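Reader: Hi, I have a protein chain open on my screen and I'd like to talk it through slowly. Could you help me get from the overall picture down to some single residues?

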Amino acid sequence: MAEVLSIILGGGKGTRLFPLTQFRSKPAVPFGGKYRLVDIPISNCINANLRQIYVVTQFNSASLHMHIGQTYVFDSFTNGFVEILAAEQTLEHSGWYEGTADAVRKNFLHFRTQNPSYYMILAGDQLYRMDLHELLKKHVESGAAISIACTGVGREAASGLGILKVNKKNQITEFLEKPGTAKDISDFRAPSELLTEKNKDDCYLASMGIYVFNSKTMDECLANELTDFGKEIIPAAISKLKVNAYLFNGYWEDIGTIKSFYDSNLELTSVKPRFDFYDEHRPIYTHMRNLPPSKMNFSNMNQSIASEGCIITNANITNSIVGIRTIIETGSSLNGVVCMGADYYETEKQKIQNAEARIPNVGIGRGAIIKGAIIDKNVCIGEGCRIGVDDIRRADGNYGHYYIVDGIIVIPKNTILYPGTVI
């Protein structure tokens with residue numbers, strides 16, 4: 001497995017996840033109460049004993065640097081590492097990454113020092129648990145130059161994804177990027193021989209943006225000025241190389257929009273979530289904070305998750321995520337809320353200063369009622385605030401101290417909502 005170099009692509013500015021990406025890159029966005037999105041692909045690699053990992057990014061990477069530096073420290077006997085490669089100027093190039101393929105090309109200087117036989121290309125903003133060792137094994141056995149992980153989707157979902165045409169031998173013969181809803185793609189239906197009982201109702205195979213390249217193939221495919229794997233590199237390779245499909249039958253979600261982020265978080269609170277963090281054999285790793293257990297004082301929690309370090313007093317919480325270090329004061333109510341928590345606990349001195357300046361403490365104040373919202377880190381919500389409760393219908397947009405995206409209220413990081421605020 002030391003022959004494999006894993007490359008996690010951090011994406012661009014993350015405009016579709018804004019304002020969650022206002023101060024951080026996409027892979028660094030908190031998820032599930034205590035994790036970051038980047039923890040998913042890194043954990044999949046570690047669980048497959050793939051321990052030579054680069055994370056490629058160029059926007060707002062400081063938070064990502066800190067998280068990875070504090071979390072993924074391997075001992076000196078494994079030769080493993082997780083390193084961030086932010087865009088840099090060299091004598092060969094001086095510009096930003098122009099796309100996924102361009103990001104890999106501009107970092108060949110670093111990759112080649114590891115002398116890999118295979119490159120594993122992964123996305124930094126997807127929710128799934130895949131046996132990457134099995135993917136690599138199938139790739140090697142097939143004799144393919146490139147393997148693409150794919151999953152079955154219906155026609156509606158296929159309109160916004162890269163769709164593969166696959167023959168009975170699992171070889172990809174054609175690739176169609178985001179065909180839209182109007183185009184006739186009936187000839188791209190997956191062969192019935194490849195479909196299992198689990199995905200028999202899904203007619204099309206969509207690329208997951210997860211690739212395995214032979215090292216020599218990667219060099220050849222990027223010996224040009226093409227910038228994107230999905231739009232350019234893969235279609236060009238299919239016409240002249242053996243490119244195989246690897247069918248993945250598990251849960252997979254592309255966390256690319258505020259709505260998908262919100263829905264995927266709340267889906268974790270269901271009785272039997274499709275993505276299960278409770279797997280001791282294939283854990284999802286994250287930063288070990290050594291926080292105390294969460295404390296519930298006279299509170300009701302229904303189908304919700306509370307991360308460590310929380311203090312919840314006389315509150316009602318339903319279908320919600322309560323992130324690390326969240327302080328919820330008496331009489332508050334949360335329903336359908338993704339609360340990311342806080343980076344720190346306020347001291348008594350800070351609380352006194354807040355009171356003198358009439359600023360709420362970090363957390364959720366007394367009697368606050370919140371429904372259908374995402375609350376980013378370190379937000380101060382004052383006493384008696386009402387968010388998403390009253391019938392105030394507003395279009396998507398920026399409203400100063402909050403945003404509405406896909407109909408979901410988003411309170412950005414470090415925002416102060418004074419007592420009695422109604423949104």
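Reader: What radius of gyration does the protein chain have, and what would a compact globule have?
Author: This is a predicted model, and in it the protein chain has a radius of gyration of 23 Å. A compact globule with 423 residues would have a value near 22 Å, so the two agree.

Reader: And how far does the C-alpha trace span along its principal axes?
Author: Along those axes the C-alpha trace of the protein chain spans about 70 × 50 × 40 Å.

Reader: What share of the residues is buried?
Author: Of the 423 residues in the protein chain, 53% are buried. As for the accessible surface, that comes to about 19,500 Å², and carbon and sulfur atoms account for 48% of it.

Reader: How many disulfides does the count come to?
Author: The count comes to zero disulfides, taking a pair of cysteine sulfur atoms within 2.5 Å as the rule. C339, for example, is in no disulfide, and its nearest cysteine sulfur, that of C310, is 7.8 Å away. C380 is in no disulfide either, with the sulfur of C385 as the nearest cysteine sulfur at 11 Å.

Reader: Are those two, C339 and C380, buried or exposed?
Author: C339 is buried, with a relative accessible area of 6%, and C380 is buried as well, with a relative accessible area of 8%.

Reader: Now for one residue I clicked on: where is I312?
Author: I312 sits in strand β17, which covers residues 311-313.

Reader: Why does I312 count as buried?
Author: I312 counts as buried because its relative accessibility is 0%, and the cut-off for buried is under 20%.

Reader: What is I312 in contact with, leaving aside its neighbours within four places in sequence?
Author: With those neighbours left aside, I312 is in contact with K295, M296, N297, S299, M301, A306, I317, V322 and I328.

Definitions and conventions
Residues are numbered from 1 along each chain as its sequence is written. This is a predicted model: local features need pLDDT of at least 70, side-chain atom pairs count only at pLDDT 80 or more; totals for chains, interfaces and linings use all residues. Side-chain values use heavy atoms; hydrogens and water are left out. The radius of gyration is taken over C-alpha atoms; the globule rule is 2.2 Å times the number of residues to the power 0.38. Buried means under 20% relative accessible area, exposed over 50%, partly exposed in between (1.4 Å probe, protein chains only). Accessible areas come from the Shrake-Rupley method with a 1.4 Å probe; for residues, only the protein chains shown count as cover. Helices (H or I, at least four residues) and strands (E, at least two) are DSSP runs, numbered from the N terminus. Contact means heavy atoms within 4.5 Å.
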